[in-house]
Amino acid sequence: MLKNLVNKFGDKTVHVWAGIFIAVLSGMLLYIFVESYMITFPVFGFVMANLAGAIKELVYDKLLKKGQVSAMDFWATFYGALVGAILCVMAIGVIEKLGQ
């Protein structure tokens, strides 16, 4: 399934979308389950997405030799995580506004 996505959309596009997905999912899950400052959630999502991107490149690609190590893959995930964190801020802002 993942190979089909890569073939259809390109490797970097998949990395960007993975970064967005991981950042939004982890940030919003933290928002749902933990009461804290609003900025904590998108930052957590951003960090988790970048951690996943780095682990994928270092462990899966380099150590296990299942793929090709690429700094550009990491940067694509980084920019996706940045977009995901911004989307998380926007979503939380809307939720907080509606809750007033």
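Student: Which residues is Tyr 31 in contact with, leaving aside its neighbours within four places in sequence?

Tutor: In this predicted model, Tyr 31 is in contact with Phe 41, Ile 92, Ile 95 and Glu 96, once neighbours within four places in sequence are set aside. Contact here means heavy atoms within 4.5 Å.

Student: Before we go on, what should I know about the numbering and the model?

Tutor: Residues are numbered from 1 along each chain as its sequence is written, and side-chain values use heavy atoms, with hydrogens and water left out. Because the model is predicted, local features need pLDDT of at least 70 and side-chain atom pairs count only at pLDDT 80 or more, while totals for chains, interfaces and linings use all residues.

Student: Thanks. Which residues make up the largest nonpolar core?

Tutor: Tyr 31 is one of the six, together with Met 28, Leu 30, Phe 41, Cys 88 and Ile 92. A nonpolar core is a set of buried Ala, Val, Leu, Ile, Met, Phe, Trp, Tyr and Cys residues joined through side-chain atoms within 4.5 Å. Buried means under 20% relative accessible area, exposed means over 50%, and partly exposed is in between, using a 1.4 Å probe and protein chains only.

Student: And which helices each supply at least two residues of this core?

Tutor: Those are α2 (11-33) and α4 (71-98). The largest share, three residues, comes from α2.

Student: How many helices and strands are there in the protein?

Tutor: There are four helices and zero strands, so from the N terminus the order reads α-α-α-α. Helices (H or I, at least four residues) and strands (E, at least two) are DSSP runs, numbered from the N terminus.

Student: What about the whole protein: what share of its residues count as buried?

Tutor: Of its 100 residues, 28% count as buried. The C-alpha atoms fill a box of roughly 50 × 25 × 20 Å along the principal axes. Among contacts with a separation of 6 or more, 66% are accounted for by residues 24 or more positions apart.

Student: Back to α2. Is Ser 26 buried or exposed?

Tutor: Ser 26, in helix α2, is buried because its relative accessibility is 13%. Apart from neighbours within four places in sequence, Ser 26 is in contact with Phe 44, Gly 45 and Met 48.

Student: Phe 44 again! Where is that one found?

Tutor: Phe 44 is in helix α3, and at 32% relative accessibility it counts as partly exposed. Not counting residues up to four places away in sequence, Phe 44 touches Ser 26 and Leu 30. Phe 44 and Met 28 are 16 residues apart in sequence, with 9.5 Å between their C-alpha atoms.

Student: OK, and what is Val 24 in contact with?

Tutor: Val 24 lies in helix α2. Setting aside neighbours within four places in sequence, Val 24 is in contact with Gly 84 and Leu 87. Val 24 is partly exposed, with a relative accessible area of 26%. From C-alpha to C-alpha, Val 24 and Phe 44 are 9.6 Å apart in space, and they are 20 residues apart in sequence.

Student: New topic. Which side chain does the side chain of Asp 61 make a polar contact with?

Tutor: The partner is the side chain of Lys 56, at 2.7 Å. A polar contact is a pair of N or O atoms within 3.5 Å; within protein, one must be able to donate a hydrogen and the other to accept it, and residues adjacent in sequence count only if both atoms are side-chain atoms.

Student: Is Asp 61 buried or exposed?

Tutor: Asp 61 is buried, with a relative accessible area of 3%. This residue is found in helix α3. Leaving out residues up to four places away in sequence, Asp 61 touches Lys 56, Lys 66, Gly 67, Gln 68 and Val 69.

Student: Last one: what is the phi of Lys 65?

Tutor: Lys 65 has a positive phi of about 55 degrees, although it is not a glycine. Most residues other than glycine have a negative phi. Lys 65 is found in the loop between α3 and α4, and it counts as exposed because its relative accessible area is 69%.
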